[in-house]
Amino acid sequence: MLAGLAVALWSIGEERRLGRLVASLVRARTGLSITVGAASATGDGLVLHDVRLGAAPGLPVDGQAQRVEVSGGWLPLVTPRAGPVSIRAVAARLTAAVGEGPTPATSEVLDALRAILGPWLAWPGGLAFRMEGAEVRFGGRPWIVDMSADKDAARLNLVAAFAPLDEGGGVAAGTTGHRMVIEAVGRAAADAGLDVSRFAMQAGPDVHLQGTAALRWSGGGPGLSAEAEGRVAGSRLAGRAAWTDDGFVIDSALSGVDLTDLGARLGVVVPARLQARQVRVRWE
């Protein structure tokens, strides 16, 4: 019995030492403040337990995962170009410490995006990441997020689905069929950011958009810009948007607009059935 206890204690000690080694490798490669409670080797990789990401100056994001499964072997952690790595986070929570108001400062949002996307985009080898049912809090609002992302030296593929959570931690009532799904294909930009050559977004049954986008978090003109077309509440939409330190600008045109239906959605009573061939919208 004592021998078995000694073996168990030795095993726990080895797993903790392995966890510290893995954390140091990840910190050296990404600059992220990562700790790993324990790690165990599997046939083709590692299982990490109690993984925590700490916020740091310029990186306003912290989080934790009960378990992280890593496949692809040890060598890519030491030499990323040695082969692809696949990561799956289980029971993950992530908090981005940006402004609590309805329109947080652009710099806060860009810092959060840089913290989340930057190290992953900068990874020189192939990398795949998965998380299901993660709780993500952004700007004080909680969301349940499923995400699948893959990248190599030439291309990034991303699929993410978001649904708002209520105070009890469940999907907010009445929003089950209104989650937002984004699919994107892009590549890392040379001036610290992301060029999206194609994206598609669906938000509930009424919003279907596709287009291109660019994200910059440093260099000249940091911010987010996008051009899109599609359908919103049955109307055809074409437009562009930009979000920088100078503010948020949307310039778009809606065609075939049912003004009566639009008024009902906005809580405005339109006394007669009205339609418009085109409505031009500019919001700053």
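**View 1. The whole predicted model.** This is a predicted model, where local features need pLDDT of at least 70 and side-chain atom pairs count only at pLDDT 80 or more, while totals for chains, interfaces and linings use all residues. Residues are numbered from 1 along each chain as its sequence is written, and side-chain values use heavy atoms, with hydrogens and water left out. The protein has 4 helices and 14 strands (DSSP runs numbered from the N terminus: H or I of at least four residues for helices, E of at least two for strands). Of its 284 residues, 34% count as buried (under 20% relative accessible area; exposed is over 50%, and partly exposed is in between, with a 1.4 Å probe and protein chains only). Take the contacts between residues at least 6 apart in sequence: 39% of them join residues at least 24 apart (a contact is heavy atoms within 4.5 Å).

**View 2. L194 and its surroundings.** L194 is buried, because its relative accessible area is 9%. Beyond four places in sequence, L194 touches L121, L156, R187, A188, A189, A213, A214, L215 and R216. L121 is 73 residues from L194 in sequence, yet their C-alpha atoms are 8.4 Å apart.

**View 3. The nonpolar cores.** Nonpolar side chains in soluble globular proteins tend to be buried together. Here the largest nonpolar core has 43 residues, and those with the most contacts inside it are L46, L48, W120 and L121 (a core is a set of buried Ala, Val, Leu, Ile, Met, Phe, Trp, Tyr and Cys residues joined through side-chain atoms within 4.5 Å). Helix α3, residues 106-122, gives the most to this core, with 6 residues. A second, separate core has 5 residues, among them V207, L237, L254 and V257.

**View 4. Zooming in on L46.** Skipping neighbours within four places in sequence, L46 is in contact with L18, V22, S40, A41, V68, E69, V70, W74 and L77.

**View 5. The cavity.** A search of the whole structure turns up 1 cavity of 30 Å³ or more (on a 1 Å grid over the protein atoms alone, a set of points where a 1.4 Å probe fits but cannot get out; lining residues have an atom within 4 Å of a point). The largest cavity has a volume of about 40 Å³ (the space filled by probe spheres set on the points, which are joined across faces, edges and corners). Its lining is L32, S33, L53, G54, L59, V61 and A115.

**View 6. S235 in strand β12.** S235 lies in strand β12, residues 235-244, and counts as buried because its relative accessibility is 5%. Leaving out neighbours within four places, S235 is in contact with G230, L254, S255, G256, V257 and D258.

View 7. D50, in strand β2 (residues 45-54), has a positive phi of about 50 degrees although it is not a glycine. D50 counts as partly exposed, at 35% relative accessibility. A91, in strand β4 (residues 85-96), is another non-glycine with positive phi, near 55 degrees. A91 is partly exposed too, with a relative accessible area of 42%.

Definitions and conventions
1 Å grid on protein atoms, 1.4 Å probe; cavity = no way out; pocket = protein on both sides within 12 Å on 5 of 7 lines; lining within 4 Å.
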